[in-house]
Amino acid sequence: MTAPHTLAVLGLGRMGEAIATRLAAQDWNVVGWTRSGRASGTVEVTGDPNDAVARADLVLLSLFDGPACRQVLDDVRDSLRTDTIVLNTSTIAPDEASELARRLGPSHVHAPVLGSVPAVAAGALRILAAAEQGAFDRARPVLETLGTVRRVDDAATAAALKLIANSSLAGAVLALRDALRQADALGLPRAQVLDVLELGQLGGLVARKRPFLTDPPTAGTAEFTIGALAKDMALLAAASNAPLPVAADLAGTPAGTEADIAVAATVPATDDEVLEPLHAYIRGHATGDPTHFRDAFLPTAHIEGIRDGAFVSWRLGEYCALFQGRPAPDEPTRSRRVDVLGVHGTVATATMTLHHGADTFTDIFLLVRADDGWRIANKAYHRHSSAS
Ligand SMILES: NC(=O)c1ccc[n+]([C@@H]2O[C@H](COP(=O)([O-])OP(=O)(O)OC[C@H]3O[C@@H](n4cnc5c(N)ncnc54)[C@H](OP(=O)(O)O)[C@@H]3O)[C@@H](O)[C@H]2O)c1
């Protein structure tokens, strides 16, 4: 098998433009096409994808998602020779990758990539490639121009591994957001915080993305958009059918879909108002004064859990009657902490841990934004007794 001579790069977005540029700089003949007709700064482009495909013996796809891949391949079907290699670097769902592998047969290479625009320019991508031996051998010189290749059994596995890799990236971005929010709450200078974070587990991410993370930021142009990472997390959640909190978190971030993923780490906490009833609830426990519970809860609230082996469901008045208007004798040793808060428009969920003497309680709250502000609509709790 001989290496391809002319490469068509379909999709000249952030990655496609960088890939086309890298390949041309390494002496491949490259012809590019992109849906918008946008010119490339570095490679010859054509306005017709069929023209690009007809001239190429390898067609590289760098498209946003699975539907875009299907659409473009439909459009060029008549120009695609059976021996033309189709090398798909796009991040798509495992079932979409399987479908394309079936449709394109032995000339298909699914090769999702780890690394962003700077890694393309340096030829330092990590590439997960799934293909039959013949297609793999023909695509290999192109892949090795872009980075290091790791062979994977089949297209669906390559696609799934890529989504898993990106779930760790999404988790790291949101862990960084939590660290920056805590640092802001402590009033620490952002530059010092970034210096220290660079020394730790998120150091690589912080170093790469620092211009987006400084206050104010010094970078604007996204290398990898929140929209693309949110797309990947939605694909992963759908494929695994397992809860994936980062999927909702990224999709709902006010940073916007076109911003770089690092901008999601700089979104400040906007939870002050929703915390008010939770703080009133904490004051109720600290003082034993039920007035604070009446401030915290809606009058219709129920407080529910298992007590002495039996399910109890108290109305607010019954719950308030449990408190005597004075702190518990061991109040100085008690502690309470809000662990999780998720706000979704006019509703929210929160989890709190309360250490009360020998007992630890997990309280789970449903909150609503009523006319007069946020209130707890209901609470369910579990008592972890030190005796059990
Ligand atoms: N950026 C990264 O760091 C990175 C890293 C690894 C993997 N990836 C993956 O690589 C792929 C490309 O990412 P990117 O960052 O380059 O995205 P991008 O900048 O948004 O570019 C997307 C490309 O897809 C084209 N496109 C979108 N919808 C289309 C449709 N329906 N029909 C035809 N073309 C369509 C766009 O065309 P026009 O803009 O010309 O309309 C553009 O060329 C994605 O799958 C992404 O998840 C990205």
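This is a guided tour of a predicted model, stop by stop, with what to select at each one.

Residue numbers start from 1 along each chain as its sequence is written. Because the model is predicted, local features need pLDDT of at least 70 and side-chain atom pairs count only at pLDDT 80 or more, while totals for chains, interfaces and linings use all residues.

**Whole chain**

Start with the protein chain in cartoon view. It has 14 helices and 15 strands; helices (H or I, at least four residues) and strands (E, at least two) are DSSP runs, numbered from the N terminus. The radius of gyration is 27 Å, well over the 21 Å that the globule rule gives for 388 residues, so the chain is more spread out than a compact globule. That radius is taken over C-alpha atoms, and the globule rule is 2.2 Å times the number of residues to the power 0.38. The C-alpha trace spans about 85 × 45 × 40 Å along its principal axes.

Of the 388 residues, 37% count as buried. A residue is buried if 20 or more other C-beta atoms lie within 10 Å of its own, exposed if 12 or fewer, and partly exposed in between, with C-beta atoms placed from the backbone.

**Domains**

Colour three ranges separately: domain 1 (6-152), domain 2 (161-266) and domain 3 (272-385). These bounds come from an automatic or database domain assignment. The C-alpha centres of domain 2 and domain 3 are 32 Å apart.

Now select residues 7-148. An unreviewed UniProt entry lists them as "domain: 6-phosphogluconate dehydrogenase NADP-binding". UniProt positions are given in the numbering used here, feature names are shortened, and annotations may be inferred rather than shown by experiment. In the model, this span is 42% helix and 23% strand, and its end C-alpha atoms lie 19 Å apart.

**Around the ligand**

Which residues come nearest to the ligand? Of the 26 residues around it, select Gly13, Ser36, Ala68, Ser116 and Phe224. A residue is near a molecule if its C-beta atom, placed from the backbone, lies within 6 Å of it. The elements that give two or more residues to this shell are α1 (14-25), α3 (66-75) and α10 (226-240).

Both domain 1 and domain 2 give residues to the shell, so the ligand lies between them. Coloured by class, the shell has ten nonpolar, ten polar and six charged residues. Here Ala, Val, Leu, Ile, Met, Phe, Trp, Tyr, Cys and Pro count as nonpolar, Asp, Glu, Lys and Arg as charged, and the others, Gly among them, as polar.

Select Ala24, in helix α1. With 19 C-beta neighbours inside 10 Å, Ala24 counts as partly exposed. Leaving aside neighbours within four places in sequence, Ala24 is in contact with Val30, Thr42 and Val43; contact means that the C-beta atoms of two residues, placed from the backbone, lie within 7 Å. Draw a distance from Ala24 to Leu7, 17 residues away along the chain: their C-alpha atoms are separated by 9.3 Å.

Move to Asp27, in the loop between α1 and β2 (29-33). Its phi is near 75°, a positive value in a residue other than glycine. Asp27 is exposed, with 8 other C-beta atoms within 10 Å.

**Strand β9**

Go to Thr148 in strand β9 (residues 147-151). Is Thr148 buried, exposed or partly exposed? It is partly exposed, with 13 other C-beta atoms within 10 Å. Apart from neighbours within four places in sequence, Thr148 is in contact with Arg126 and Ile127. Thr148 and Asn378, 230 residues apart in sequence, are 53 Å apart, C-alpha to C-alpha.

**Either side of α10**

Select Asp215 and Pro216. A cis peptide bond joins them, with omega about 5°. Pro216 lies in the loop between α9 (203-213) and α10.

Then find Asn241, in the loop between α10 and α11 (245-251). Asn241 has a positive phi of about 55° although it is not a glycine. With 7 other C-beta atoms within 10 Å, Asn241 is exposed.

**Strand β12**

Finish at Leu341, in strand β12 (residues 335-344). Leu341 counts as partly exposed, with 17 C-beta neighbours inside 10 Å. Not counting residues up to four places away in sequence, Leu341 touches Asp271, Val274, Ala348 and Ala350. The C-alpha atoms of Leu341 and Phe365, 24 residues apart along the chain, are separated by 9.4 Å.
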